[in-house]
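Subject: Structure handover

Hi,

Here is the structure I said I would pass on.

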Amino acid sequence: MPLGERGGWERSESRYCGVETDFSDDVPSLLSFNISTGGFDYVLAPLMNPSYRPSLMEGKGSETQVLPVSGSDLVLAPSQWSSHVVGKVSSWIDLDSEDEVLRMDSETTLKQEIAWATHLSLQACLLPTPKGTSCANYARCVNQILQGLTTLQLWLRVPLVKSDDATSEGLVRRLINTDSWELWNSFRLLCEHDSKLSVALDVMSTLPSETSLGRWMGESVRAAIISTDSFLTNARGYPCLSKRHQKLIAGFFDHATQVVVSGKPVHNLPKASDSNTEGTQRHPLRSYLDYVAYLFQKMEPLPEQERIELGYRDFLQAPLQPLMDNLEAQTYETFERDSTKYIQVCCYQRAVAKALVDRVPDEKASELTTVLMVVGAGRGPLVRASLQAAEETNRKLKVYAVEKNPNAVVTLHNLVKLEGWEGIVTIISCDMRFWNASEKADILVSELLGSFGDNELSPECLDGAQRFLKPDGISIPSSYTSFIQPVTATKLYNDVKAHKDLAHFETPYVVKLHSVARLAPSQSVFTFTHPNFSTKANNQRYKKLQFNLPSDAGSSLVHGFAGYFDSVLYKDVHLGIEPTTATPNMFSWFPIFFPLRKPVEVHPGSPLEVHFWRCCGSSKVWYEWSVSSPTPTPMHNTNGRSYWVGL
């Protein structure tokens, strides 16, 4: 039974909770006890009798021997195997053992068990933790298996520990000289970042630092296995988790990670709780499940906008080509719903209102008419915001709405008639760069910003349009700056890699970032200011940046860079998506993602040095980027060979 129904969370995979069990050759009873009686959604169960060793079968008529699996495939319906069982590969296997017999037995058994799991149509199978820091042979064998899988997912079990954490837990002692993230990273790199390989984290009673834990939010963590001895005891004698554990589990819930309860009960519950309302014996781990369900039900319901955007989480989209292509009505509709950007107490309406008041003093408000030009008027939201600002400030306004898209111009004409703006608004069907205005503007208003600020050619467009702005005229926006930050983004990297070509690794994508780990604060890249009447104006840019990752985070893998922008519309009115200053409740822009062809591993104390270029040609603008330290990467998108924005 799912953990609960919460607003926006009912579609999340994290609402399912599993339980780790011992080997049983009576799978129907195992499911009945743990699912029907216990209330868990699935079992994490061994597929093979743990005493089985292939070498012991040799010479004993092995060709007639039956593998000691947990039961025939016929004991459950295919849908039950698929929905209620996650296979658990034998924990004794050690493919990197010095003992050749054990090593060969391990490889044979691993392949037999995965073959059996595939036959059963299981959705996932748990691989045991590597026995030491060297796991090359284990990874080689798993990589061979991955090449033949279609739907089965493999979860590598990894303890959630870091080398500087003081602990004496048995499994960790064998890995004490390594950060377990590095163990996972080494394994997945040997397996070529295969998207069918994920990680299942063993959550210990002691947790690493917050920054160290943050790395995992960008990894493909499918399960968090919590041992019963990691639970504390509350005042009533029931299991509970520390505040730090609660925060971690909430983060896992938010990233579609499922919780698995493992171990024997270690809490002495009140006698009355030993049986349920029907008088039958309660599952011994039911109180742990109830607590996990309580944490899930405590999650804040997702805001309405977040629910709308769920389908866009970590979904790669190509940026718009605003000059080459005309936007469709549905795209305009999406942007126009963003009331924060255009109206209310924020952004464009407030910026225009401040500019009008500065431009025309109160004593001349009834005499002077301000000429305002909206360049790139679309279907009219900036026109409406400007007129509302004029009404709010009691200023007289004359508006030119300049728009190159002939389809949007039709909508503009209808809007002017509907609103009765005929004497105020003049519609110009023309590219702003080529229009010869009959008079100069006091205020030039535009919304040509992309996710990276200048990536939809706002500088080029406004350079062409500013010729009809008065020398003392005001541009809204007056400036904008792009930002980048390094991220771990396994899902995004795998989605790009799935295309199996160079072009997709050299294309920046618009994406609602979710399953990413932001590894360092963002830094500014390029800034553009308007109007720019300099005779030496040049929109080409170059910036070298150095990021220092927190020393207590441990090593991290950089899959690419998240890009944002922040703009000054007018004076103290700003608009942007840079995380530390982002305009609240605005959804017009998702961040941009610049992938790296080969991910870069960064170790503590080793700075990450990255270079970004904005290049301009006669017919296009493009970005190039590369990393020079700690490991040089190839130059990305040289000469705009894979991605450009057409002029």
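**Strands and hairpin**

Ser567 has Leu575 in S22 as its bridge partner. Before going further: this is a predicted model, where local features need pLDDT of at least 70 and side-chain atom pairs count only at pLDDT 80 or more, while totals for chains, interfaces and linings use all residues. Residues are numbered from 1 along each chain as its sequence is written, and side-chain values use heavy atoms, with hydrogens and water left out.

On terms, helices (H or I, at least four residues) and strands (E, at least two) are DSSP runs numbered from the N terminus, and two strands pair if DSSP finds at least two bridges between them. Strand S21 (residues 556-570) and strand S22 (residues 573-576) run antiparallel and are joined by four bridges. Together S21 and S22 make a hairpin with two residues between them. Lys571 counts as exposed at 56% relative accessibility (exposed is over 50% relative accessible area, buried under 20%, partly exposed in between, with a 1.4 Å probe and protein chains only).

Asn637, in the loop between S25 and S26, also has a positive phi, near 65 degrees. Is Asn637 buried or exposed? At 0% relative accessibility, Asn637 counts as buried.

There is also an open sheet of four strands, in the order S20-S24-S25-S26, with antiparallel pairing. Strand S20 (541-547) and strand S26 (645-646) are at the edges with a single partner strand each, so one side of each has no neighbour in the sheet. S26 is joined to strand S25 (residues 620-629) by two bridges, and Lys620 stands opposite Gly646. The charged end of Lys620 also sits over the ring of Trp644, 5.3 Å from its centre (the rule wants NZ of Lys or CZ of Arg within 6 Å of the ring centre and within 35 degrees of the ring normal). Arg53 does likewise with Trp92, lying over its face at 3.8 Å from the ring centre.

**Aromatics**

Rings of Phe, Tyr and Trp (its six-membered ring) pair if their centres lie within 6.5 Å; planes under 30 degrees apart are stacked, over 60 edge-to-face, and the rest tilted. That rule gives 21 aromatic pairs. One of them is Trp435 with Phe468, edge-to-face at 5.0 Å centre to centre and 65 degrees between the planes. Trp435 sits in the loop between strand S13 (425-429) and strand S14 (441-446), and Phe468 in the loop between H17 and strand S15 (469-476), 33 residues apart. Both Trp435 and Phe468 are buried.

Phe594 and Tyr623 are edge-to-face too, because their planes stand at 85 degrees, with the ring centres 5.9 Å apart. Phe594 is in strand S23 (residues 592-602) and Tyr623 in S25, so this pair ties together parts 29 residues apart in sequence. Phe594 is buried at 0% relative accessibility, and Tyr623 is buried at 2%.

**Cis peptides**

Two prolines to check in your viewer: the bond joining Ile476 and Pro477 is cis, with omega about 10 degrees, and Pro477 lies in the loop between S15 and strand S16 (479-488). The bond from His530 to Pro531 is cis as well, with omega near -5 degrees; Pro531 is in the loop between strand S19 (523-529) and S20.

**Cavities**

How many cavities of 30 Å³ or more does a search of the whole structure find? It finds five. A cavity here is a set of points, on a 1 Å grid over the protein atoms alone, where a 1.4 Å probe fits but cannot get out, and lining residues have an atom within 4 Å of a point. Volume is the space filled by probe spheres set on the points, which are joined across faces, edges and corners.

The largest cavity holds about 70 Å³. Its lining has 13 residues, with Val27, Leu30, Ala45, Pro46 and Ser70 nearest the centre. Helix H1 (27-37) and strand S2 (42-46) each supply at least two of the lining residues.

The second largest cavity holds about 50 Å³, and its lining includes Ile93, Asp94, Lys131 and Tyr138.

Cheers

Definitions and conventions:
1 Å grid on protein atoms, 1.4 Å probe; cavity = no way out; pocket = protein on both sides within 12 Å on 5 of 7 lines; lining within 4 Å.
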